[in-house]
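Dear colleague,

Here is the structure I promised to pass on to you, with the sequence alongside it. My notes follow below, and I would be glad if you read them with the model open.

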Amino acid sequence: MAWRDGRSAVRVLVAVFAVLQLLGGCAPSQPEPPPLTPPSSLATPGQPPELPVEAPDDHGVRSLRAAVAQSLRFLDAVPAERSLGRWPRRVTAQEVRASLAEFLDLLDESPVTGGDWPHRVAERFDFFPAPLRGRRQDVLFTGYYQPVIDASPVETAEYRYPVYREPHESRTRRARGKRAPGHSRHDIDVLGKLKGKGYEIAWLRDPVDRFFLHIQGSGLLRMTDGSEVPLNFAASNGRRYTSIGKVLIDRGELDRESMSMQRIRAWLAEYPDEREALFARNERYVFFRLGEQGPLGSLGVPLTAGRSAATDHRVYPRGALLFVETRTPVVDEDGALAGWRPVGRFFLNQDTGAAIRGPARVDLYFGTGDAAGAEAGYMKSKGRLYLLMKRGAAPLN
């Protein structure tokens, strides 16, 4: 049954936001996937979930406005007719911008905590559920964050693990449209193929921190003079991403159910002699650049904690408004997992990643520092994803 009159959407959103009255989680280019729907017409909004989420959008209107503003900043620099995604059909920058402008108008007219808010959203927006195939019923949500890492501008006995900017040969290869991959992780970190060639940006204390910096795609360097410098993704070596967590699961070292970044770090600390070989399994290598702000998502605008999401941009329109129903981890003062909280929240589609492939994978951005890292590290939960588009979306004048 389609959401033609918004009544089904209202039922879901009323349940979501009624609880609010009580309570007061960059990739190399890939071949295009097959079309998800006929490209000539917008797909019909789908059936809402039978059981609505038990918690409201709990992250504050200020952060929501900030995230929408960053998407609009990206869209201001994009040609109006450029295609930004393929679900629910070819969606242009104009249409995404019109939908975000409509959403800001709605925020101005009606507070999120107002009783008529769910009705207003359902009246003015279509909700398109994730285009899942086969028996898959849910999207898998994971998390990422911006680590704060001690670093030195020069190599010392203590700081001896380099972080590299993109090599000249890699930039030349990309400029010429060549997709031949560059040096592997083993080539760079073990054989030293880039060492001493002037590509070093900074040096870190710990190779494990460096590896996870590559996974997160950005970081905040806390330099030896006390300054903090944003480190942003610049490029990769074009090689395939391999999850070392999956490698450890396949080897029987860790179990799938309790897998987390914390468990991986604990294993690496227990078996330091196996660390180098395990890291080499992930041949994808990330190059960075120093910045004045960050972290930046793949749209080139700053991410907003608890509001920015990474998806496969071959599917979902870049910069677009999303609604997420899932669970997020509750972490205690010691950084241990204490439980889970149900969440229904608006996100903006502002990033992507090498491991985020297909319509059933989404990464949620948790923020900067250890607390955000603890939550992101445990985040692995199924749920539902919806794309919001203004009803009757049409090009702006």
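**Salt bridges**

The structure holds 19 salt bridges. Please keep in mind throughout that this is a predicted model. One of the bridges joins the side chains of Glu 283 and Arg 239, with nitrogen and oxygen 2.9 Å apart. This pair ties together distant parts of the chain, since Glu 283 sits in the loop between α10 (275–281) and β10 (286–290), while Arg 239 sits in the loop between β9 (228–236) and α8 (244–250), 44 residues apart. Glu 283 is partly exposed, at a relative accessible area of 34%, and Arg 239 also counts as partly exposed, at 22% relative accessibility.

A local example is the salt bridge between Lys 246 and Asp 250, whose closest N and O atoms are 2.9 Å apart. Both residues belong to helix α8 and are four residues apart, which is about one turn of the helix. Lys 246 has a relative accessibility of 47% and therefore counts as partly exposed.

Glu 253 and Arg 251 also meet through their side chains in a salt bridge, with an N to O distance of 3.7 Å. Both partners are partly exposed, Glu 253 with a relative accessible area of 33% and Arg 251 with one of 39%. Elsewhere, salt bridges that share partners connect Glu 102, Glu 109, Arg 120, Arg 124 and Lys 390 into one network.

Which side chain of opposite charge is nearest to Glu 200, a buried residue that has no salt bridge? It is that of Arg 165, and it lies 6.4 Å away, whereas a salt bridge would need the nitrogen and the carboxyl oxygen to be within 4 Å. Glu 200 lies in strand β7, which covers residues 200–204. A polar atom of the Glu 200 side chain is, however, 2.9 Å from the backbone nitrogen of Gly 196. Apart from neighbours within four places in sequence, Glu 200 is in contact with Pro 162, Val 163, Tyr 164, Arg 165, Leu 194 and Lys 195.

**The chain as a whole and its cores**

The protein chain has eleven helices and 15 strands, and buried residues account for 52% of its 397 residues.

In soluble globular proteins, nonpolar side chains tend to be buried together. Here the largest nonpolar core has 64 residues, and Phe 103 and Leu 385 are the ones with the most contacts inside it. Setting aside neighbours within four places in sequence, Phe 103 is in contact with Leu 64, Val 68, Trp 117, Phe 125, Leu 321 and Phe 346. A second, separate core has 13 residues, including Ala 151, Leu 213, Leu 221 and Met 223.

**Helix α7**

Helix α7 spans residues 207–216 and is mostly covered, with eight of its ten residues buried. Among the buried residues of α7 are Phe 211, Phe 212 and Leu 213, and also Arg 210, His 214 and Gln 216. At the N-terminal end, Asp 206 caps the helix, with a side-chain oxygen 2.9 Å from the backbone nitrogen of Val 208. Just after α7, Gly 217 takes a positive phi of about 90°.

**Two places where separate stretches of chain meet**

Met 261 is placed in helix α9, residues 261–270, and counts as buried because its relative accessibility is 13%. Not counting residues up to four places away in sequence, Met 261 touches Tyr 145, Phe 212, Gln 216, Gly 373 and Gly 377; of these, Phe 212 and Gln 216 are among the buried residues of α7. Met 261 and Tyr 378 are 117 residues apart in sequence, yet their C-alpha atoms are 6.7 Å apart in space.

The other place involves Thr 352, in the loop between β13 (337–351) and β14 (361–368). Is Thr 352 buried or exposed? With a relative accessibility of 14%, Thr 352 counts as buried. The side chain of Thr 352 reaches the backbone oxygen of Thr 311 at 2.7 Å, and the C-alpha atoms of Thr 352 and Asp 312, 40 residues apart along the chain, are separated by 5.9 Å.

With best wishes

Technical notes:
Residues numbered from 1 in each chain as written. Predicted model: local features only at pLDDT ≥ 70, side-chain atom pairs only at ≥ 80, totals over all residues. Heavy atoms only, no water. Helix = DSSP H or I, 4+ residues; strand = E, 2+ residues; numbered from the N terminus. Buried < 20%, exposed > 50% of the residue type's maximum accessible area, 1.4 Å probe, protein only. Core = buried A, V, L, I, M, F, W, Y, C linked by side-chain atoms within 4.5 Å. Contact = heavy atoms within 4.5 Å. Lys, Arg positive; Asp, Glu negative; His and termini not counted. Polar contact = N/O pair within 3.5 Å; in protein donor to acceptor, adjacent residues only side chain to side chain.
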